[in-house]
Amino acid sequence: MACESEKWVLMVTAQTPTNIAVIKYWGKRDESLILPINDSISVTLDPEHLCTTTTVAVSPSFDQDRMWLNGKEISLSGGRYQRCLREIRSRASDVEDEEKGIKITKKDWENLHVHIASYNNFPTAAGLASSAAGFACLVFSLAKLMNVKEDEGKLSAIARQGSGSACRSLYGGFVKWIMGKHDDGSDSIAVQLADEKHWDDLVIVIAVVSSRQKETSSTSGMRESVETSMLIKHRAKEVVPKRIVAMEEAIKNRDFPSFAHLACADSNQFHAVCLDTCPPIFYMNDTIIGCVEKWNRSEESPQVAYTFDAGPNAVLIARNRKVAASLLQRLLFHFPPSSDADLSSYVIGDKSILQDVGVTDLKDIEALPPPPEIKDAQKYKGDVSYFICTKPGKGPVLLSDKNQALLSPETGLPK
């Protein structure tokens, strides 16, 4: 290894989006390899608004693998982290940085340690797929650092071993996770159905009801569902295969009524499985569903799709920007901010939609009219922590701006 006596640090920084499933993954056929009992389909969210940024560094001066998440050091001893690190290291290639005079051979990687710093720009473990973005970014950035030659499909099979949904964050746009049949999981990979430009009319509004960690984690919730729910077996065998075919067709044809019907029905069935689990799991917030269902029924065709992952936060997908403005207007009427709130932190992401709604300050929210389709419309002040306005987005990218790195180029420690 060239320059071994020097304390050089080689770094890579990447950004990876999160995703929201519109046909849900719930239940594993293999716990350790994270192999699902059904296919799933997701929409990748714009990394400008929801993403994980990860910096990975290597240096002969590092004496162990270390990781910091959102500024706090965490243990890498867990099986999921170890599997991802082992799989990437086994595929490492020679790396040369002529500018720094660094040369790392494939063999050297077995004895070199890495430092990892990761930051989510959204709540961790609150049902916004932070682990999906996190493990996808970990695998993507390590693969770039170690010059791994595998394509995104192969990398998705590695990311899947960290967090199942992570495999879908290796692509932008609309993504399918194929459950696979092989015992070793080699055919359980993600594929892109269409990129983010394919259906760029869609606008996504996320109501963050709670940014606290979930009471029941996805991992334990899935295990209990597989062990105790009769409905999950019927869902995986009979229902999801047909929905996957129909959802692929809806995405291909940009058929919003079919897309909305499938997304809402699958979200509701996923939560029915959670209720059919022993003990029952309660994730969902049903007030928002009632608002959307009444609005959709009052129109000639669905305007908005809703979907909930394993958490109380609602992901609402509007068919276009005009509908998104009407949606946000309804949401702000029903869920005004608490008195001490600040509008700039209550609606985040693409704030330009507020202009379409005609809201510039909190007084404008107080003056919003009730939705015409709801009699005696109720207000639930303070029930929503904040809203995120976003859209379908691109897959992982490398960040060349050194100022965006989370680790110091001199020490390899957090800045």
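D376 is exposed, with a relative accessible area of 70%, and this residue sits in the loop between α11 (362-366) and β18 (386-390). Its phi is positive, about 50°, although D376 is not a glycine. Bear in mind as you read on that this is a predicted model.

**Backbone geometry**
- Most residues other than glycine have a negative phi, and most peptide bonds are trans.
- Like D376, which has a positive phi of about 50°, I34 has a positive phi without being glycine, in this case near 55°.
- Is I34 buried or exposed? I34 counts as buried because its relative accessibility is 0%, whereas D376 is exposed at 70%.
- The place of I34 in the chain is the loop between β3 (28-30) and β4 (35-36).
- A cis peptide bond runs from C278 to P279, with omega near -5°.
- P279 belongs to the loop between α6 (256-275) and α7 (286-298).

- Q161 is part of the loop that links α3 (152-159) and β12.
- With a relative accessibility of 8%, under the 20% cut-off, Q161 counts as buried.
- Which residues touch Q161, once its neighbours within four places in sequence are set aside? They are L33, I34, R80, R83, C84 and E87, so I34 turns up here again, itself buried at 0% relative accessibility.
- A polar atom of the Q161 side chain lies 3.2 Å from the backbone oxygen of A157, and A157 is one of the buried residues of α3.

**Helix α3**
- The buried residues in α3 are G153, L155, S156, A157, I158 and A159.
- Among the elements that cover them are α1 (79-89), α2 (130-145) and β13.
- At the start of α3, the backbone nitrogen of G153 has a side-chain oxygen of D151 within 3.2 Å.

- How much area do domain 1 and domain 2 bury between them? The figure is about 3,100 Å², with 71% of it on carbon and sulfur atoms.
- I23, K24 and W26 together give 26% of the area that domain 1 buries against domain 2, more than any other three residues.
- In terms of contacts, 31 residues of domain 1 meet 49 residues of domain 2.
- Across this interface there are three salt bridges and ten residue pairs in polar contact.
- On the domain 1 side, the elements that give two or more residues are β2 (19-23), β5 (40-44), β12 (174-177) and β13 (190-194).
- β2 gives the largest share of that side, four residues.
- By residue type, the side of domain 1 that touches domain 2 has 18 nonpolar, six polar and seven charged residues.
- A salt bridge joins the side chains of E31 and R223, at 3.7 Å from N to O.

Conventions: Residues are numbered from 1 along each chain as its sequence is written. This is a predicted model: local features need pLDDT of at least 70, side-chain atom pairs count only at pLDDT 80 or more; totals for chains, interfaces and linings use all residues. Side-chain values use heavy atoms; hydrogens and water are left out. Contact means heavy atoms within 4.5 Å. Buried area is the accessible area (1.4 Å probe) that two parts lose on being put together, summed over both. A salt bridge is a side-chain nitrogen of Lys or Arg within 4 Å of a carboxyl oxygen of Asp or Glu. A polar contact is a pair of N or O atoms within 3.5 Å; within protein, one must be able to donate a hydrogen and the other to accept it, and residues adjacent in sequence count only if both atoms are side-chain atoms. Ala, Val, Leu, Ile, Met, Phe, Trp, Tyr, Cys and Pro count as nonpolar, Asp, Glu, Lys and Arg as charged, and the others, Gly among them, as polar. Buried means under 20% relative accessible area, exposed over 50%, partly exposed in between (1.4 Å probe, protein chains only).
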